[in-house]
Amino acid sequence: MARSHDLDINRREVILAGAATAVASSLPGGAEAQPAALPGASGPSHATVSLTVNGVIREIEVDTRTTLLDLLRETLHLTGTKKGCDHGQCGACTVIVDGRRINSCLSLALMHEGQSVTTIEGLGTPDQLHPMQAAFVEHDGYQCGYCTPGQICSAVAVLAEVKADIPSHVTGDLTAPVELTEAEIRERISGNICRCGAYSNIVEAIVEVAGRRA
């Protein structure tokens with residue numbers, strides 16, 4: 001028969017093992033999501049990525065887990081691109097990659113080998129604003145300004161989408177050229193959240209740059 005203190009030790013081990021399993025299973029991918037924590041496992045790997053950022057070719061050694069957002073902010077110190085939710089839900093990290101807007105927090109830096117990345121710093125300067133930047137200033141399309149870089153990058157890409165006749169969810173006729181209506185603009189910028197609520201002014205800025213009346 002087992003002694004009482006043996007039973008206590010076994011019960012304690014069972015409880016600890018159960019708790020560890022519960023914590024591991026609650027993580028994305030379960031316990032397998034943390035291979036580096038296992039005894040004898042190798043550490044993070046590194047690789048070199050070559051990409052063009054705001055017209056300048058960059059070759060950078062990065063941890064393979066580094067997101068494009070962190071590469072821009074932490075390595076290249078282009079802090080105009082903001083980290084908001086870090087889950088792709090707010091749009092503050094929006095940049096333009098090969099002419100298309102993406103949430104840089106959801107994209108690994110290594111995925112953009114050989115591609116061209118444009119951030120808010122690459123659109124214009126304080127002395128020579130991009131037309132969209134100037135329109136945001138004129139129409140007061142920002143308040144606290146935190147989401148503004150992502151809003152502007154998104155707005156620039158929106159006009160490129162419309163010019164290329166890329167339809168959105170609200171496009172009525174998929175066989176005709178896309179018409180830049182207010183509904184189209186609001187749908188296309190809906191992924192960029194402005195907690196200050198400057199949406200109507202943002203729409204006006206986009207309309208001005210497009211040279212049309214929504």
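Tutor: Two strands are said to pair if DSSP finds at least two bridges between them. The strands (E, at least two residues) and the helices (H or I, at least four residues) are themselves DSSP runs, numbered from the N terminus. The model is a predicted one, in which local features need pLDDT of at least 70 and side-chain atom pairs count only at pLDDT 80 or more, while totals for chains, interfaces and linings use all residues. Residues are numbered from 1 along each chain as its sequence is written, and side-chain values use heavy atoms, with hydrogens and water left out.

Strand β3 covers residues 94-97. Thr94 and Ile96 point one way from this strand, Val95 and Val97 point the other way, and all are buried; buried means under 20% relative accessible area, exposed means over 50%, and partly exposed lies in between, with a 1.4 Å probe and protein chains only. In a regular strand, side chains alternate between the two faces of the sheet.

Next come the partners of β3. Strands of a sheet pair through backbone hydrogen bonds, in either a parallel or an antiparallel sense. With strand β4 (residues 100-103), β3 forms four bridges in the antiparallel sense, and the bridge partner of Thr94 there is Asn103. Two residues lie between β3 and β4 in their hairpin, where Asp98 takes a positive phi near 50°. Strand β5 (residues 116-118) also runs antiparallel to β3, joined by two bridges. Within β5, Thr118 is the bridge partner of Ile96.

From β5 one can move on to strand β1 (residues 46-53), which runs parallel to β5 and is joined to it by two bridges. Here Val53 stands opposite Val117 of β5, and Thr52 stands opposite Ser116 of β5. Thr52 also stands opposite Ile57 in β2. Strands β1 and β2 run antiparallel and are joined by eight bridges. Their hairpin has two residues between the strands, and Asn54 takes a positive phi near 55° in it.

The whole arrangement can now be stated. The five strands form an open sheet in the order β2-β1-β5-β3-β4, with mixed pairing. Its edge strands are β2 (56-63) and β4, each of which pairs on one side only. On average, neighbouring strands of this sheet are turned by 40° against each other, direction ignored. Such angles run from 0 to 180 degrees between N-to-C directions, and axes are lines fitted to C-alpha atoms, for helices over the stretch in contact.

Helix α5 (residues 148-163) packs on the sheet, where it touches β3, β4 and β5, and its direction makes about 40° with that of β3. A contact means heavy atoms within 4.5 Å.

Two further helices meet α5. With helix α7 (residues 199-210), α5 packs at an angle of about 40°, the axes being 11 Å apart. That makes α5 oblique to α7, because angles under 35 degrees count as roughly parallel, over 145 as roughly antiparallel, 65 to 115 as roughly perpendicular and the rest as oblique. α5 passes α7 in a right-handed crossing; a crossing is right-handed if the near helix is turned clockwise from the far one by less than a right angle, and left-handed if anticlockwise. In this contact Gln151, Ala155 and Leu159 of α5 meet Ile202, Ile206, Val209 and Ala210 of α7. These residues divide into six nonpolar, one polar and no charged. Nonpolar covers Ala, Val, Leu, Ile, Met, Phe, Trp, Tyr, Cys and Pro, charged covers Asp, Glu, Lys and Arg, and the others, Gly among them, count as polar.

The other helix is α4 (residues 131-138), whose axis comes within 10 Å of that of α5 and crosses at roughly 120°. α4 and α5 are therefore oblique to each other, and α4 passes α5 in a right-handed crossing. Met132, Gln133 and Phe136 of α4 meet residues of α5 that include Ile152 and Val156.

Finally, Gly141 has its place in the loop between α4 and α5. It is buried, with a relative accessible area of 1%. Leaving out residues up to four places away in sequence, Gly141 touches Phe136, Ala198, Asn201 and Ile202. The C-alpha atoms of Gly141 and Ser200 are separated by 7.9 Å, although these residues are 59 residues apart along the chain.
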